[in-house]
Amino acid sequence: MDEYLPMFLAEGREHLQELNLAVVRVEETPDDQATVDEIFRIAHSLKGMSATMGFAGMAALTHEMEDVFELLRQRKGGLERAAIDVLLECLDALSAAVESIDSTGAEEIEPTALIERLQGLVRE
């Protein structure tokens, strides 16, 4: 898997940058279906890449984010500010994990608290 690590890091950074921009865009224009679909596609790709590379924490966090993005697909008017804040915190944690992988080879992410907050959003 080491041979794929540089590609994972490059694509991971790119996906996270795209996701950050898309989340901000969807906050401004919540009913932009194209952006919602883009968010879902990027998150799904990031989850799959992380799982394939054995980064279980990143995969678990991204999986839970997908559930919140699914709400975004179903709801008119977008997500509440608190939900957007949690998603942005998740993206920061994922970015930190990618940087940690780059410097130490380990994802060094503890997603439990963020996962619980995401699950709370889905339950509401």
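Here are a few questions and answers about helix packing and the nonpolar core in this predicted model.

Reader: What does Leu 94 touch, not counting residues up to four places away in sequence?
Author: Leu 94 is among the core members that touch the most other members, along with Leu 61, Met 65, Phe 69 and Leu 118. Leaving out residues up to four places away in sequence, Leu 94 touches Leu 16, Leu 46, Met 58, Leu 61, Thr 62, Met 65 and Ile 109.

Reader: Are helix 3 and helix 5 roughly parallel or roughly antiparallel?
Author: Good one to check by eye. Their axes lie 9 Å apart and the packing angle is about 20°. Angles under 35 degrees count as roughly parallel. Helix 3 and helix 5 are therefore roughly parallel.

Reader: How many residues of the contact of helix 3 with helix 5 are nonpolar?
Author: Helix 3 contributes residues including Leu 61, Met 65 and Val 68, while helix 5 brings Leu 114, Ile 115 and Leu 118, among others. The contact also has one polar and two charged residues, and its nonpolar residues number 10.

Reader: And how is helix 2 oriented to helix 3, roughly parallel or roughly antiparallel?
Author: Helix 2 and helix 3 pack at about 165°, with axes 9 Å apart. Angles over 145 degrees count as roughly antiparallel. That makes the orientation of helix 2 to helix 3 roughly antiparallel.

Terms used
Residues numbered from 1 in each chain as written. Predicted model: local features only at pLDDT ≥ 70, side-chain atom pairs only at ≥ 80, totals over all residues. Heavy atoms only, no water. Core = buried A, V, L, I, M, F, W, Y, C linked by side-chain atoms within 4.5 Å. Buried < 20%, exposed > 50% of the residue type's maximum accessible area, 1.4 Å probe, protein only. Contact = heavy atoms within 4.5 Å. Axes fitted to C-alpha atoms, helices over the stretch in contact; angles between N-to-C directions. Helix = DSSP H or I, 4+ residues; strand = E, 2+ residues; numbered from the N terminus. Parallel < 35°, antiparallel > 145°, perpendicular 65-115°, else oblique. Nonpolar A, V, L, I, M, F, W, Y, C, P; charged D, E, K, R; others polar.
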